[in-house]
Amino acid sequence: MAAQCGRSLFRLEFTLSSTATVSPLKKWEPLPEKIRVGLFRFPFDMKEVSTTVDWLVRSCHYLNNHPRIETVATEAIVDTPVDMSRNRALKRAQELNLQFALFIDSDMWPDYEFLHNKGEESPEKGVQQFLPAAFEFALAHDGPCVIGAPYCTAPPEERVLVMRWTTMETGAPAGNAQIKSVDRGEAVLLRGFEEVAALGTGLLLIDMRAIELLPKPWFSYEFKDEEKTEKASTEDIVFTRDLHLLGVPQYCFWNAWAGHWKNKMVTKPANIPLANISTAMRKVLYDKFNRDLNAQFGDKIRQIEGMK
């Protein structure tokens, strides 16, 4: 299949299959023995929710005590538009000669399930902290990768901001593949690390070696029209998708869901018992029947109801 990526600066030929993987385009130098890490925050209007700040405190403590880390830098970038701010963060990471950049948005609650579980990890239940698991996974990975925490968008849709490749037709012509959000019902059941097509940047660990492959600007929006009046893809999806297409694996760590503060705290999806659905739907259908037909058959309906 031929995939046209992002800013139309490169074109890759590859074949989708259930087992094929994209090989890196270069042989990577190993990470140095001592690592430099940067935490980059994006507080809108100089404000960050307390759950983000709490996570930053815990994470700085972990990183500063890690035997392989010699420097932990922190920096807040307060500006708009957001794609410019994220580009500035990566440029700053390069200037500081960092091996990893860790992005966290100002409206996140990382590791909330871990906190609700009395501060205890339970991998079999899909409850772990993003750090240290994601960092240790990245250190052991063969070449650079990007790791993100799963979270959902604002209501009422609350899409899972983790993307996979999909097709609408088996054996369809080349070029028919597209990326779509992981289904909410499936996302509840997923565990561990999974390689995916694209991720959100609410909580994202980036191996800076990956940036060597990516054309500038690293982050940018895609639009549906030349006038740029309607978004086609946001800057985070474009960034992670393009790295994925260039052979840099993107992983979702399903055990470390992050809450997302909007007009409520958006959490991990929850499946509804089938019995609840059938009861609720029967009530909805019965109520609608009454409303629609009451004017014409109201007396008859009330008579029937009185006989029950």
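1. Pro81 lies in the loop between β4 (69-76) and α2 (82-95); helices (H or I, at least four residues) and strands (E, at least two) are DSSP runs, numbered from the N terminus. The peptide bond joining Thr80 and Pro81 is cis, with omega about 0°. The model is predicted: local features need pLDDT of at least 70, side-chain atom pairs count only at pLDDT 80 or more, and totals for chains, interfaces and linings use all residues. Residues are numbered from 1 along each chain as its sequence is written, and side-chain values use heavy atoms, with hydrogens and water left out.

2. A cis bond also runs from Leu131 to Pro132, where omega is near 15°. Pro132 is placed in helix α4 (residues 130-140). Most peptide bonds are trans, and most residues other than glycine have a negative phi.

3. Asp45 has a positive phi, near 55°, and is not a glycine. This residue sits in the loop between β3 (35-42) and α1 (50-64).

4. Glu158, also a residue other than glycine, has a positive phi near 50°. Its place is the loop between β7 (146-148) and β8 (162-166). Glu158 counts as buried because its relative accessibility is 9%; buried means under 20% relative accessible area, exposed over 50%, and partly exposed in between (1.4 Å probe, protein chains only).

5. In a regular strand the side chains alternate between the two faces of the sheet. β10 runs antiparallel to strand β15 (residues 250-253), and four bridges join them; two strands pair if DSSP finds at least two bridges between them. Opposite Glu194 stands Cys252 in β15.

6. Three strands form an open sheet in the order β6-β16-β17, with antiparallel pairing. Its edge strands, β6 (108-110) and β17 (265-266), each pair on one side only. Three bridges link β6 to strand β16 (residues 258-261) in the antiparallel sense.
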